Amino acid sequence: EIMMDVGGGNLVPVGSLTYTRAGAASGTGATPAMPAMNDPAAMKEMEKMMERLATPGEQHRWLAKANGGWRVTGHFLEPDGTKSMVCGTACFRMVQGGRWQEQTLTATMKGKRFEGRGMTGYDNAKQRFENTWFDTMSTSHAPAYGQRSADGKTLTLTGEWEMPGGMKLPFKYVPTYVDARRMTFQMYMTVEGQEMLMGEIAYTR
């Protein structure tokens, strides 16, 4: 039972949780059980573990290297094979106490103002980078997940765009941190099993 102190040391119940232990299934072993609420030592260890998982680490510090303003130039491939040029600016900053990288992009594409915003973080529990992007060309967002390369320069993120009618198109984002003044971004899309480069962006400062 979950209690809340309403003042003067008076506790009132505000909720309850029921824990059940899952048995072994198909040889995979038992599901780890949450510590009992009446086991102070176990609850303390759980608290310490959650605190460790919530602490920004080396991967978050790597993301923070992009902090600041950038000039943006590049293009995206149109269905007819032509290229739509992109020119604008982007700003990166770490938010949520250094846990997430926020990118705000403002550019001109096809003669119109384009605005986009992305959030990239590293999930310490799942041991993976996570990203979502949303912009003025759509009312949906596209989550993506991935890992950093062994040389520590390239991040590869994959996901799926949900298209009208239920069709799903796999995509891949590949940002590369060349050095303190240069970054690149490539976007790929897979259609009928064939991966195609759909866009390239250069960031400079």
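Trainee: So buried means under 20% relative accessible area. Is His 75 buried or exposed, then?

Mentor: His 75 has a relative accessibility of 16%, and since that is under 20%, this residue counts as buried. Keep in mind that we are looking at a predicted model.

Trainee: Okay! Where is the place of His 75?

Mentor: His 75 belongs to strand S3. Across from it, in S4, stands Met 85.

Trainee: Which residues does His 75 touch, leaving out those up to four places away in sequence?

Mentor: There are two stretches to look for. One is Lys 83, Ser 84, Met 85 and Val 86, and the other is Met 198, Gly 199, Glu 200 and Ile 201.

Trainee: Let's stay with S3 and S4. In which sense do they pair, and over how many bridges?

Mentor: They are antiparallel, with 10 bridges between S3 (residues 68–77) and S4 (residues 83–95). The two make a hairpin, and five residues lie between the strands. In that turn, Gly 81 has a positive phi of about 95°.

Trainee: And which strand do 10 bridges join to S4?

Mentor: That is S5, residues 100–109, and S4 and S5 run antiparallel.

Trainee: Can we zoom out? How many helices and strands does the chain have?

Mentor: It has two helices and 12 strands.

Trainee: What share of the residues counts as buried?

Mentor: Of 205 residues, 32% are buried. The accessible surface of the chain is about 13300 Å², and carbon and sulfur atoms make up 55% of it.

Trainee: New topic: rings. How many aromatic pairs does the structure hold?

Mentor: Eight. One of them joins Trp 70 and Tyr 203: their ring centres are 6.4 Å apart and the planes are at 85°, so this pair is edge-to-face. The pair links distant parts of the chain, as Trp 70 sits in S3 and Tyr 203 in S12 (residues 194–204), 133 residues apart.

Trainee: Why does Trp 70 count as buried?

Mentor: Trp 70 is buried because its relative accessible area is 3%, which is under 20%. For Tyr 203 the value is 7%, so this residue is buried as well.

Trainee: What about Phe 171 and Tyr 173, what angle lies between the planes?

Mentor: The angle is 40° and the centres are 4.7 Å apart, and this aromatic pair is tilted. Phe 171 is buried at 3% relative accessible area, and Tyr 173 counts as buried at 7%.

Trainee: Which residues do ring pairs link into a cluster?

Mentor: Look for Trp 62, Tyr 122, Phe 129 and Tyr 177. While you are there, find Arg 148: its charged end sits over the ring of Trp 62, 4.7 Å from the centre. Elsewhere in your view, Lys 172 lies over the face of Tyr 188, and the distance to the ring centre is 4.9 Å.

Trainee: Last one! What pLDDT does the chain average?

Mentor: The average is 86, and 82% of the residues score at least 70. Take care with residues 22–29, where pLDDT stays under 50. For that stretch, the model has six contacts beyond four places in sequence.

Key
Residues numbered from 1 in each chain as written. Predicted model: local features only at pLDDT ≥ 70, side-chain atom pairs only at ≥ 80, totals over all residues. Heavy atoms only, no water. Pairing = 2+ DSSP bridges. Helix = DSSP H or I, 4+ residues; strand = E, 2+ residues; numbered from the N terminus. Buried < 20%, exposed > 50% of the residue type's maximum accessible area, 1.4 Å probe, protein only. Areas by Shrake-Rupley, 256 points an atom, 1.4 Å probe, with all protein chains shown as cover. Phe/Tyr/Trp six-rings, centres within 6.5 Å; stacked < 30°, edge-to-face > 60°. Lys NZ or Arg CZ within 6 Å of the ring centre and 35° of its normal. pLDDT = per-residue confidence, 0-100. Contact = heavy atoms within 4.5 Å.
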